[in-house]
Amino acid sequence: MTMKLSILDQSPISQGATAAEALANTVELAIAAERLGYSRFWVAEHHNSDALAGSSPEILIGHIAANTQSIRVGSAGVMLTHYSPLKVAENFRLLEALHPGRIDLGLGRAPGSDHLTAAALARGGRSLGIEYYPSLVTEVQHYLHDEPSPNSGFEGVRARPATPAIPEMWLLASSQDSAAIAAHLGFPLGWAHFINPSGADITAAYRQQYQASTDYPEPHLAIATAVVCADTTEEAEALASSVRMWRARGLSGPIPPPDTDDSSQSALAVAPAYQQRKPLLAGTPDQVKAG
């Protein structure tokens, strides 16, 4: 089996840098990924963050796709409980019209923020609970296929612009419930190993319980793991100390520079359980490949 390599970028803002510089780095990384032969380049959605600049993946996807030629570009993901399925479908139909055959729509049910920010995103309406997530996913799919969405109350509404094909849909998961939804509805699954490393049994169950759909007769699985790769183990570990220190302080503030005085070890000591839950693979190319 051939493993295709892709990149999920969260547009991190380094200490002393600006959000604009972080987003420019994301575009530069996507261009490099295409040149190196990577299969996909996905961007994340985070809100009210001083560390991660990507608050609107659909806008960033369009800019990246306009600056590349062939690599697939997508979201990991659009946090669907915040948004209207019609608007999500229209955004990604428009992206598909502009960049045919290159757009991926990854959907998630996490808030991508704190609860107060989630409430602000839903202002004027209300953010739906996660129990509505499967029906929201199905509604997006109907809109993308230009089909009536049963039981939505909007049977006469169509998502536009019309396109010959539709974006590839993925469901993102870091829990058993989300993976089970992907299996039940017949969607490709993106497993967030960097959030929950205990996914071997869950992803195996996804494959075993997969219910074939018209769009996706076979299960498809992508694993998102946190990786820092460098020429030497020492260099990789030094670079990784930035991420570890940022995680140890609760993901607050911009990403600190690499540790140079072992202070990161004391920072890590304050949250050992947190570090165990959030794995980070650092090493040489051979070490990373083995990992």
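**Fold, strand pairing and salt bridges of the predicted chain**

The model is predicted, so local features need pLDDT of at least 70 and side-chain atom pairs count only at pLDDT 80 or more, while totals for chains, interfaces and linings use all residues. Residues are numbered from 1 along each chain as its sequence is written, and side-chain values use heavy atoms, with hydrogens and water left out.

The secondary structure comprises eleven helices and ten strands; helices (H or I, at least four residues) and strands (E, at least two) are DSSP runs, numbered from the N terminus. The radius of gyration is 19 Å, close to the 19 Å given by the globule rule for 291 residues, so the chain is as compact as a globular protein of that length. This radius is taken over C-alpha atoms, and the rule is 2.2 Å times the number of residues to the power 0.38. The C-alpha trace spans about 65 × 45 × 40 Å along its principal axes. Of the 291 residues, 44% are buried, where buried means under 20% relative accessible area, exposed over 50%, and partly exposed in between (1.4 Å probe, protein chains only).

Strand β3 (72-75) pairs with strands β2 and β5. Two strands pair if DSSP finds at least two bridges between them. Four bridges join β2 to β3, and these strands run parallel. Phe41 stands opposite Val73 in β3. From β2 the chain passes through α2 to β3, in a right-handed β-α-β crossover. A crossover is right-handed if, with the strands pointing away from the viewer, the path from the first strand over the helix to the second runs clockwise. Two bridges join β3 to β5, again in a parallel arrangement, with Val73 opposite Ile103 in β5. In a regular strand the side chains alternate between the two faces of the sheet. In β3, Arg72 and Gly74 point one way and Val73 and Ser75 the other way, and all are buried.

Helix α2 (residues 57-66) has the buried residues Pro57, Leu60, Ile61, Gly62, Ile64 and Ala65. These residues pack against several elements, including α1 (19-36), β2 (40-43), β3 and α3 (85-98).

The structure holds seven salt bridges. A salt bridge is a side-chain nitrogen of Lys or Arg within 4 Å of a carboxyl oxygen of Asp or Glu. One of them is between Arg72 and Asp104, at 2.7 Å from N to O. This pair links distant parts of the chain, with Arg72 in β3 and Asp104 in β5, 32 residues apart. Arg72 counts as buried at 18% relative accessibility, and Asp104 at 0%. Another salt bridge is formed by Asp177 and Arg109, whose closest N and O atoms are 3.9 Å apart. Asp177 lies in helix α6 (residues 176-185) and Arg109 in the loop between β5 and α4 (115-121), 68 residues apart. Arg109 is buried, at 17% relative accessibility. The side chains of Asp146 and Arg160 also meet in a salt bridge (3.0 Å, N to O). Both lie in the loop between α5 (133-144) and β6 (168-173), 14 residues apart. Asp146 is partly exposed, at 31% relative accessible area, as is Arg160, at 40%. Salt bridges that share partners join Arg40, Arg72, Asp104 and Glu168 into one network.

Note on methods: Contact means heavy atoms within 4.5 Å.
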